[in-house]
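Hello,

Here is the structure I said I would hand over. Please look through it first; my notes follow below.

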Amino acid sequence: MTRFIKYLTRQSRIFYFALGVTLLAVIAVSDYLTFYAFDLSVLYLVPICFVGWMLGRTSGIVFSVLALAAWFTNKQVISQLLPHSFLLYPYAFPRLWKALILLATWIIFVIVLDKLKVALAHADERFVTVLEGLQEAVYVVDPDSGELLYLNDQCRNTFGAAEPLTRSRQIEAQLQPPPSQDEERSGEAYAAARERWYLFHTRSLRWVDGRDVRLVAFTDITDRKQAEELNRQQQEKLQQTSHLITVGHMASTLAHEMNQPLAAIANYAAGCARRLRAGNWDAQELLAAMEKASAQAERAGRIIQRVRELVRKREPRLVDCDINGVIMNAAGLIEINAEKNHVRIKLELAVELPVALADGVMIEQVILNVARNAIESMRETPPHERELTIQSRLNQGGAIEIEIADTGCGIPASMAGASFEPFFTTKPDGLGMGLNICRSIMELHHGQLWATRNSGRGSTFHLTLPVTHA
Amino acid sequence: MTGPGTPLVYVVDDDAALRDSLRWLLESAGHRVAACAGAEAFLATYAADQGGCLLLDIRMPGMSGLELQDELKRRGLAIPVIFITGHGDVPMAVNAVKKGAFEFIEKPFNAQALLVLIENALAIDAETRRRAARFERLTSREREVMELIVAGKRNQDIAAELSITIKTVEAHRSGVMRKLGADSIAALVKLVQNMDAPRRK
């Protein structure tokens, strides 16, 4: 049936017209043959509507007039043949009146049909405009035959560069894995030829002719995929680097170990104080406790010593080092952390900076540590003001100076010096070891690390490194 | 002051210095202290009828503090436990408290705070034991009657259920009330509920 209709639609307007005329003739003859036994005037609507729909309003009206002429002639001839008593419209006036009514009815039909056709066309146009305007490639396929019933421009451009698309397998062959004809499915597919990733959704729906068909929509997610991949790689790199960074790890181990002697010392001291206060004490006993306490203090000292040795154990490999390169490496590593905290990183690197004798990895760790602190200090800063500036320059003393400036909460004046003390921290979950160890690293390089308050918001950390003299 | 009846503070920590210093501190407050180097040693020495409390390191080689807590629960030993935690173990300790530990204290701790905690734990333990002792004094028949009273049964029903006369039920009932020191049914129900509830303040 659908094939027949399709066949018809391919034929010319003349064919429709001829078909209309034939129908009209058949009805007119039938009308004549049945005389007054049946009123067949309603049947004329069939050719009129057909032609009106297929060829437009004008043709429809012309056909209405033709049909009326046929009807009227019929009645006229019949009225000559039969006696008046047999006639439905024995006089000329009612016959004319009936003719007028018929014509009006038919023309109304033609006009309404025409309006309907225009409205439908508009609806279709809107639908197509939306689909063509989509970023997504969309096609509709008959799952039984694999025939493509519809595809939008995006789809044609994406998958049909070589040949016109008529079958869904032409598209599916380009994708790995191919989007199957399963009902309601989503997934990702890779088009190897174009090196692009697509997210596809398959929906089943009822096509205009009642068939169950599948609508498949593709979104290009290559950029997102790449970003994810990049992010994953960076995270991996960051993790590897943080393995290198013993600073944080060391600090937490240290905190664990230090707790034991510290708690013991506190207990011995408190026990002594309580006994003395109560006046219930024995000198020998107190003495023993105090000696044990000082032994614990020595134990704590040994733990600190071990940490220092650990720092030293990583014998710095002092080589000629491009400090700008080190800064850029470090900046790359903190980028994700910065982005997550809405912090912009600004690099102001001096051109033609002389090389320094330094262990690049260690300096990178110091920069990372300071920068991480800086980012954390900006938690309370409004996001648009969060800025981390890393500057490199040759200072007046002839040393390379790296300045790491934030717009964070800053260091209170009274604590500017204390922030380098072990266990100093302004962070609720901090250990206060990082800066102390960073300073040790800088001193190992015959450099310095100190902090200043900014005139505006935040604070600046300064690292200096002596320049290599050839 | 010291004697078999007085409560014992058990200190279980793998660090010898911490154990010894805790003993020094706790003895200054007049507590009797038993120190154990590990969970296994504690389980070997602890007797259920000994009143006291347990000062327990959360991290230990071998059986950890948390595992010991589970083991105590499994054995039905209800000694109040105070966990000692190190840096970064707080979430673990909070969990332990949720599972019925009495309290936890972070290292290094304030001596006074620890002593207060221990006083409280000992008081709770003593109270629980006192209550338990009262229940011990009930005869098995009285216990049966008590359970039925608490379940909300009337004397007639209890008599029918236990196949005894109402008069006997009334006698048992007054025995229960007297021995447990309850002056009303409501007070009795509360006592029984407190026995069953986890021993936390």
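Start with the strands. Strand 1 (residues 137-141) of chain A is joined to strand 2 of chain A by 3 bridges, and the two run antiparallel. Helices (H or I, at least four residues) and strands (E, at least two) are DSSP runs, numbered from the N terminus. Two strands pair if DSSP finds at least two bridges between them. One bridge links A:Val141 to A:Leu148 in strand 2 of chain A.

Before you go on, note that this is a predicted model: local features need pLDDT of at least 70, side-chain atom pairs count only at pLDDT 80 or more, and totals for chains, interfaces and linings use all residues. Residues are numbered from 1 along each chain as its sequence is written, while chains are lettered from A and ligands numbered from 1 in the order in which they are written.

Now the whole sheet. It is open, has 5 strands in the order 2-1-5-4-3 (chain A), and pairs antiparallel. Strand 2 (148-151) and strand 3 (185-191) of chain A each have a single partner strand, so one side of each lacks a neighbour in the sheet. From one strand to the next, the twist averages 25°.

Next, a helix pair. Helix 2 (residues 13-33) and helix 3 (residues 45-55) of chain A pack at about 170°, with axes 9 Å apart. Axes are lines fitted to C-alpha atoms, for helices over the stretch in contact, and angles run from 0 to 180 degrees between N-to-C directions. Helix 2 and helix 3 of chain A are therefore roughly antiparallel (an angle over 145 degrees). Their contact divides into 11 nonpolar residues, 1 polar and 1 charged. Ala, Val, Leu, Ile, Met, Phe, Trp, Tyr, Cys and Pro count as nonpolar, Asp, Glu, Lys and Arg as charged, and the others, Gly among them, as polar.

Where do the chains meet? In chain B, 16 residues are in contact (C-beta atoms, placed from the backbone, within 7 Å) with 18 residues of chain A. Helix 1 (residues 16-28) of chain B gives the most to that side of chain B, with 8 residues.

Buried means 20 or more other C-beta atoms within 10 Å of a residue's own. This core has 50 residues, and B:Tyr10 and B:Ile82 are among those touching the most other members. Helix 9 (residues 246-278) of chain A gives the most to this core, with 10 residues.

Best wishes

Methods
Contact = placed C-beta atoms within 7 Å. Parallel < 35°, antiparallel > 145°, perpendicular 65-115°, else oblique. Core = buried A, V, L, I, M, F, W, Y, C linked by C-beta atoms within 7 Å. Buried ≥ 20, exposed ≤ 12 C-beta atoms within 10 Å, placed from the backbone.
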